[in-house]
Amino acid sequence: MSSSPSPLSARGSRLALLVVGLCWLAVLFDGLDMFIYGSVLPHLLETKTFGLTADTAGDLGSYATFGMLVGALAAGTIADRIGRKKLMVSCVVLFSLASAVCAIADSVAVFGLGRTLAGVGLGGLLPTAISMVSDYAPRGRGAIVIGLLMTAHHAGGILSAYVAKGLVDPVGWRAAFWVCVLPLLFAPVLARFLPESLSFLVAKGRGDEARALAARYDVELPAAKSAKPGAADRWTNLVNLFRGGEWIQTLLYWLASFGGLLLVYGVATWLPTLMRAEGYELGSALSFVVVFNLGGIVGMLVAGRAADRFGAPRISAIWFALTAAGVFLLSVHMPMTATMVVVFLTGVFLNSAQTMIYATVSIRSNADNRATAVGWTSGMGRFGAVFGPWLGGQLLAAGNGDWGFTAFALAGLSSMVFIGIAAVRGARQTPKSTAGPELVSAH
């Protein structure tokens, strides 16, 4: 990770700050909308809103993550057609309006529709925002800028806990979702001030616009890239992931990603409710969400540096082991201070362990296949993101809430085993790339 100063001019630096700042706010609202359901869930279950039960609540949590799967898979194709800026604005509008659907819902079906639509917007926004900041990040600072951007997601989680603590008891749970509609007011600001991706303009042959924007802010114009591979080439890249002995490595990465995102989204959805089941008051349970996401912010900032020094595969395996230990300890009722420390450390390791899987895949893949390998590893992992919230609901519905943390801890251990085996096998092979680890979104 380079520490040399950026060659950009002051105007170019201001443009980078503008893009990163606007994208950071968009991802903040993304995190708020993502975490708000888990923050109000204990109240919904206690008041039996819509006749909600634990298993139905788990289903609702999975609706949002399924929507995120759809949004993430569609984001690239849509962005290539309409541009990254328009897609980001559309995603903000979509998840804001979807929160309004949740706020006025009069049944589980309508509420579930709102969460699914919100998930589509949430899933489409994050990878698009990462692409945008990568375009405008100072040279050699891409990983740091992406890590900074990802802190916004956890800041949104912190905000969701405060929104729930301040509004749910005195006003009602619907007020929390009305707060999630407020990003709709941010959409015009995003549309007015966020510049379009220079890479998109160049790729679409809109050279005059790209040159004018680059000249306005005195930034470098990206070189035109060769045409993107067609469907046949993309399928060839996918097939190459299974040629020879590569299929074992590919499946190990996919299984590790599945367990990692099951853990991430299972804990994100059920942490307050499971802590309530352990005997903590609602206010304390929501405080754990704040501390957990503070840990996530720290973890995103230190993960890349740790991987640079010790290697992404090793860090991922160790991080998953520490995450599993932390999640399991949460099933033990400890003094409040000790519990807070465990929640914080779990947040540090959990949210960056999955990131290191993507970094490992990126390092072990050749340049031609890297995007396909990382994309499919992320895609397979998102099935775990759908399964995690559902699993927590089923365990609580069956009266096995005490097993919730244990089940999520076992998911962390499984990811540790799979990424560990993949790392050992990969170390025996000739490295395909000398590229350093890339800090990619775990969500």
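**Salt bridges**

How many salt bridges does the structure hold? There are two, where a salt bridge means a side-chain nitrogen of Lys or Arg within 4 Å of a carboxyl oxygen of Asp or Glu. Keep in mind that this is a predicted model, in which local features need pLDDT of at least 70 and side-chain atom pairs count only at pLDDT 80 or more, while totals for chains, interfaces and linings use all residues. Residues are numbered from 1 along each chain as its sequence is written, and side-chain values use heavy atoms, with hydrogens and water left out.

One of the two pairs is Asp 33 with Arg 115, whose closest N and O atoms are 3.1 Å apart. That pair links distant parts of the chain, 82 residues apart: Asp 33 belongs to helix H1 and Arg 115 to helix H4 (residues 108-136). Helices here are DSSP runs of H or I with at least four residues, numbered from the N terminus. Both Asp 33 and Arg 115 are buried; buried is under 20% relative accessible area, exposed is over 50%, and partly exposed is in between (1.4 Å probe, protein chains only).

Then there's Glu 46 with Arg 276, at 2.2 Å from N to O. Glu 46 sits in helix H1 and Arg 276 in helix H11, so this bridge ties together parts that are 230 residues apart in sequence. Glu 46 is partly exposed at 47% relative accessible area, and Arg 276 also counts as partly exposed, at 25%.

**The loop between H1 and H2**

Most residues other than glycine have a negative phi. Lys 48 has a positive one, near 55°, and it is found in the loop between helix H1 (10-46) and H2. Phe 50 is in the loop between H1 and H2 too, with a positive phi of about 60° although it is not a glycine. As for cover, Lys 48 is exposed at 59% relative accessible area, whereas Phe 50 is partly exposed at 27%.

**Two bent helices**

Helix H2 (residues 54-82) has 29 residues and reaches 40 Å from its first C-alpha to its last, close to the expected 42 Å. The expected span is 1.5 Å times one less than the number of residues. H2 bends by about 40° at Ala 75, the bend being the angle between axes fitted to the seven residues ending there and the seven starting there. After H2 comes Gly 83, with a positive phi near 105°.

A kink of about 25° is centred on Ala 353. H14 is mostly covered, with 21 of its 29 residues buried.

**Around Leu 87**

Leu 87 lies in helix H3 (residues 84-104) and is buried, at 6% relative accessibility. Leaving out residues up to four places away in sequence, Leu 87 touches Ala 75, Ile 78, Ala 79, Ile 82, Gly 124 and Thr 128; contact means heavy atoms within 4.5 Å. Ala 75 is also where H2 bends. Gly 124 is 37 residues from Leu 87 along the chain, yet their C-alpha atoms are separated by 7.8 Å.

**A nonpolar patch**

Phe 242, Trp 247, Ile 248, Leu 251 and Leu 255 make a nonpolar surface patch of about 400 Å². Trp 247 is in helix H11 (residues 246-277) and is partly exposed, with a relative accessible area of 42%. Patch residues have over 30% relative accessible area and no salt bridge, with like charges joined within 9 Å and nonpolar side chains (Val, Leu, Ile, Met, Phe, Trp, Tyr) within 5 Å. The areas come from the Shrake-Rupley method with a 1.4 Å probe, and for residues only the protein chains shown count as cover.
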